[in-house]
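Visitor: I have not seen this structure before. Could you take me through it?

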Amino acid sequence: MEIPISFSTVPFLVIIFLLITRKKKTLNYPPGSLGWPFLGETLEFLRAANKEGKPEKFVRERIEKYKSNIFKTSLMGETMVVLGSASGNKFLFSNENKQVTIWWPVTIRKILGSCLITTVGEEAKLTRKMLSSFINPDAFSRLYIKAMEVVGQDHFKNYWEEHIEIASAKKEGEFLSWDDIQKMKYSWNVISEVMRLTPPIMGAYREAIVDINYEGYHIPKGWKFYWNTALTSLDSEFFPNATSLEPSRFEEAGPAPYTYVPFGGGPRMCVGKEFARLEILVFLHILIRKFSWKLLIPDEKIIYDPMPTPVEGLPISLQPHNC
Ligand code: HEM
């Protein structure tokens, strides 16, 4: 059957066609490739972190290729927008529950189950508030510092038996106090510098909860975001001689905002940051007081699995002081 097309229907069809094509043109998606069906670019992403130990490499290569700090990719079965800049970090950290929300890949959600890391909205706010009452300076002073020092000392007794004699011959001194921890400024600068060079967490994810227009790009609701920790912390624009260890970078005002984010930022920033600081400083204090040490493989490779892991297990030679 023939459908007659009159002269009056032609302009109508042209208008419809123009409307459809115009809508498509105005939606300017970020540049990038979605890679292979389903796999996307997941293998390249994992290879950079796990085989090469440089999780930021995947991001940096694409930023250079597309000449854009924002690009799209497909990771773990999800269309994902990578924001590779300090302003991208700022956008994600300051828009929680407004334009984005926390999101983790299904494998991580399965491992973690239902906990603060995986919850969103009001439930997350409430859980954070509850947790804060166990992880604050008062609780540290009352509950944790002494226990950490005891456990740390036991650790050395158990694992380096040849040193038991030296350790037990020492008089038991006073335990560390919260004030002592605050005085360990240089040690914390060294630790911060180590975390700048090798961030313990590669990055984290968000989900767009509304259609987003970011730097002129359209990001539809439901797409995921990824930010990478080392990308800005190893950027020589923010950290001259970016690969050399210089703890003085953390003196005075320290790094520019949103460039050094090993603990994330904004309302979903790591809730255990102060606890981690305490734990690391107490451990370091015991180690430094009792031993000097030497790396047996100075340039040992570190891979992300998914956290930084020295491939040979970080063999060291320990020398007790006073021997
Ligand atoms: C050096 C050690 C640690 C580092 C580098 C670290 C880093 C991070 C990062 C990057 C996030 C994600 C932030 C985001 O998505 O924006 C996070 C979240 C979190 N961390 Fe840590 N973390 C450390 C230690 C700890 C410790 C010791 C605890 C527990 C006492 C802890 C508990 C949490 C929790 C519960 C969250 C989820 C917070 C939320 O989603 O509201 N972390 N951490």
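**Helices, ligand shell and loops**

Guide: This is a predicted model. In α12, the buried residues are Leu278, Leu281, Val282 and Lys290.

Visitor: Within what arc do the buried residues of α12 fall, seen down its axis?

Guide: An α-helix has 3.6 residues a turn, so residues three or four places apart point the same way. The buried residues of α12 line one face of the helix, because they fall within an arc of 145°.

Visitor: What span does α12 reach from its first C-alpha to its last?

Guide: α12 has 18 residues. At 1.5 Å a residue, 26 Å is expected. The helix is close to that, with a reach of 26 Å.

Visitor: Which elements give two or more residues to the shell around the ligand?

Guide: There are 19 residues around the ligand, and those that come nearest are Ala204, Gly264, Cys270, Gly272 and Ala276. The elements giving two or more residues to this shell are α6 (121-132) and α12.

Visitor: How many residues of that shell are nonpolar?

Guide: The shell around the ligand has two polar residues and two charged ones. The nonpolar residues of the shell number 15.

Visitor: Is cysteine 270 buried, partly exposed or exposed?

Guide: An unreviewed UniProt entry lists Cys270 under "binding site". Cysteine 270 lies in the loop between α11 (229-233) and α12 (273-290), and touches Phe263 and Gly264, leaving aside residues up to four places away in sequence. A buried residue needs 20 or more other C-beta atoms within 10 Å, and an exposed one has 12 or fewer. Cysteine 270 has 17 within 10 Å, so the residue is partly exposed.

Visitor: Why is helix α4 largely enclosed by the rest of the structure, and which of its residues are buried?

Guide: Helix α4 (residues 86-93) is largely enclosed because six of its eight residues are buried. The buried residues are Ala86, Gly88, Asn89, Phe91, Leu92 and Phe93.

Visitor: Is phenylalanine 38 buried or exposed?

Guide: Phenylalanine 38 lies in the loop between α1 (9-26) and α2 (42-51). Its phi is near 60°, a positive value in a residue other than glycine. Phenylalanine 38 has 10 C-beta neighbours inside 10 Å, so the residue counts as exposed.

Visitor: What is omega for the peptide bond from aspartate 305 to proline 306?

Guide: Proline 306 lies in the loop between β9 (302-304) and β10 (308-310). The peptide bond from aspartate 305 to proline 306 is cis, and its omega is near -5°.

Technical notes
Residues are numbered from 1 along each chain as its sequence is written. This is a predicted model: local features need pLDDT of at least 70, side-chain atom pairs count only at pLDDT 80 or more; totals for chains, interfaces and linings use all residues. UniProt positions are given in the numbering used here, feature names are shortened, and annotations may be inferred rather than shown by experiment. Helices (H or I, at least four residues) and strands (E, at least two) are DSSP runs, numbered from the N terminus. Two residues are in contact if their C-beta atoms, placed from the backbone, lie within 7 Å. A residue is near a molecule or strand if its C-beta atom, placed from the backbone, lies within 6 Å of it. Ala, Val, Leu, Ile, Met, Phe, Trp, Tyr, Cys and Pro count as nonpolar, Asp, Glu, Lys and Arg as charged, and the others, Gly among them, as polar. The expected span of a helix is 1.5 Å times one less than its number of residues. The arc is that of the directions from the helix axis to the C-beta atoms.
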